[in-house]
Amino acid sequence: MSEVNPEKRLPNWLIVLMFAGLYTTWSTTYLAIYYMVKTIPPYLSSGLRFLVAGAILYGFARIKNKNERISLKHWKSALITGGLVIWLGNGSVVWGEKYISSSLAALLIATVPLWIVLLNWLLFGGGKPGVIEMVGVVLGFLGVALLIVFTRHIGGEGYNLKGIVIVLAASISWATGSLYSRYSQTPSSPLLSVAAQMLAGGALMFLASFFVGEWATFELSKVSMVSVLSWAYLVVFGSLVGFVCYMTLMKVCRPSKVATYAYVTPVGAVFLGWLIAGDTITYHTLIAGGIIILAVLMIISFAPKE
């Protein structure tokens with residue numbers, strides 16, 4: 001299975017801008033999710049989030065590409081990608097944050113690069129990881145492990161096993177769906193492709209909210225303004241900005257390079273936890289964060305060109 005020709009479909013300045021947008025927005029989404037699910041059920045809130053964002057993006061993409069249509073093959077790819085990345089990936093993270101803190105969820109999702117590198121090589125026929133690239137992945141995973149250990153001693157929301165398992169499963173599903181989207185049949189318009197994935201994944205989550213009983217317990221009168229504003233923030237920045245950047249970069253860059261977002265976002269999540277939620281940041285946390293940043297630089301600098 002051949003890979004796309006990386007980093008040649010977009011100018012370098014746009015790729016850099018998309019990485020900056022991805023790193024910035026997705027460093028904040030975990031905290032927004034934490035506040036959103038306090039008064040709005042996980043699948044219901046996330047399903048509506050992606051349905052709204054997908055509809056907005058679809059309308060914009062259709063205006064920009066009036067002659068392009070989404071075929072049945074494209075919808076099939078969107079359903080698989082949306083199911084893996086949005087429903088089982090993002091949706092499970094949202095569900096997991098009912099049991100664990102936003103910081104811990106971000107740290108666990110940082111295992112995504114490891115799964116992407118391994119799955120791309122073993123299952124998707126991608127290039128074998130270089131030595132330095134693998135060292136960077138392992139080093140990043142070590143940094144995340146240290147962050148988890150150090151965070152555990154700080155206190156705060158506990159290490160609920162159910163939440164941890166859910167979020168780790170989400171990281172594997174996210175990695176699988178991301179790689180599938182890289183090789184699947186999609187519309188030539190990246191925006192139209194991402195819109196279809198959002199609509200498909202959002203619809204699956206919205207339907208799931210019925211089956212898990214969220215509608216039976218949901219009370220609109222108990223929804224807080226903080227949860228509503230968090231939901232709106234996730235629609236605009238988490239989906240329309242961050243998700244578009246991510247899925248576009250997955251098409252034009254080496255997977256392990258795009259996956260470095262999962263090493264940067266935990267650092268941002270810990271910082272925001274300190275700034276907004278009053279979490280304590282120790283020198284141990286700063287050391288672990290430094291290791292993660294070093295791993296990001298190794299992967300970006302030494303990932304082989306294909």
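These notebook entries record what I looked up in the structure.

**Entry 1: overall make-up**

I noted at the outset that this is a predicted model. I then looked up the secondary structure and found 13 helices and zero strands. Read from the N terminus on, the elements are α-α-α-α-α-α-α-α-α-α-α-α-α. The protein has 306 residues, and 54% of them count as buried. For the accessible surface I recorded about 13,500 Å², with 72% of this area belonging to carbon and sulfur atoms. I also looked up how far apart in sequence the contacting residues lie. Among contacts between residues at least 6 apart in sequence, 91% join residues at least 24 apart.

I then followed Met-198 in detail, leaving aside its neighbours within four places in sequence. Met-198 is in contact with Phe-50, Ala-53, Gly-54, Leu-57 and Ile-86, and also with Ser-239, Leu-240, Phe-243 and Val-244.

**Entry 2: Thr-248**

I located Thr-248 in helix α10. Is Thr-248 buried or exposed? Its relative accessible area is 8%, and because the limit for buried is under 20%, Thr-248 counts as buried. A polar atom of the Thr-248 side chain lies 2.7 Å from the backbone oxygen of Val-244. Not counting residues up to four places away in sequence, Thr-248 touches Leu-10, Met-18 and Pro-190.

**Entry 3: Ser-92**

I next turned to Ser-92, which lies in helix α3, residues 72-96. Ser-92 is buried, with a relative accessible area of 12%. What does the side chain of Ser-92 reach? I found the backbone oxygen of Leu-88, at 2.6 Å. With residues up to four places away in sequence not counted, Ser-92 touches Trp-87, Ile-166, Val-167 and Ala-170.

**Entry 4: cysteines**

I searched the whole structure for disulfides and recorded zero. For reference, a disulfide is a covalent bond between the sulfur atoms of two cysteines. I looked up the accessibility of two cysteines as well. Cys-245 counts as buried, at 10% relative accessibility. Cys-253 likewise counts as buried, at 0%.

**Entry 5: the salt bridge**

How many salt bridges does the count come to? I recorded one. Glu-219 forms a salt bridge with Lys-222, and the closest N and O atoms are 3.5 Å apart. This pair meets the rule because the nitrogen and the carboxyl oxygen must lie within 4 Å. Glu-219 is partly exposed, at 38% relative accessibility, whereas Lys-222 is exposed, with a relative accessible area of 55%.

Note on methods:
Residues are numbered from 1 along each chain as its sequence is written. This is a predicted model: local features need pLDDT of at least 70, side-chain atom pairs count only at pLDDT 80 or more; totals for chains, interfaces and linings use all residues. Side-chain values use heavy atoms; hydrogens and water are left out. A salt bridge is a side-chain nitrogen of Lys or Arg within 4 Å of a carboxyl oxygen of Asp or Glu. Buried means under 20% relative accessible area, exposed over 50%, partly exposed in between (1.4 Å probe, protein chains only). Contact means heavy atoms within 4.5 Å. Helices (H or I, at least four residues) and strands (E, at least two) are DSSP runs, numbered from the N terminus. A polar contact is a pair of N or O atoms within 3.5 Å; within protein, one must be able to donate a hydrogen and the other to accept it, and residues adjacent in sequence count only if both atoms are side-chain atoms. Accessible areas come from the Shrake-Rupley method with a 1.4 Å probe; for residues, only the protein chains shown count as cover. A disulfide is a pair of cysteine sulfur atoms within 2.5 Å.
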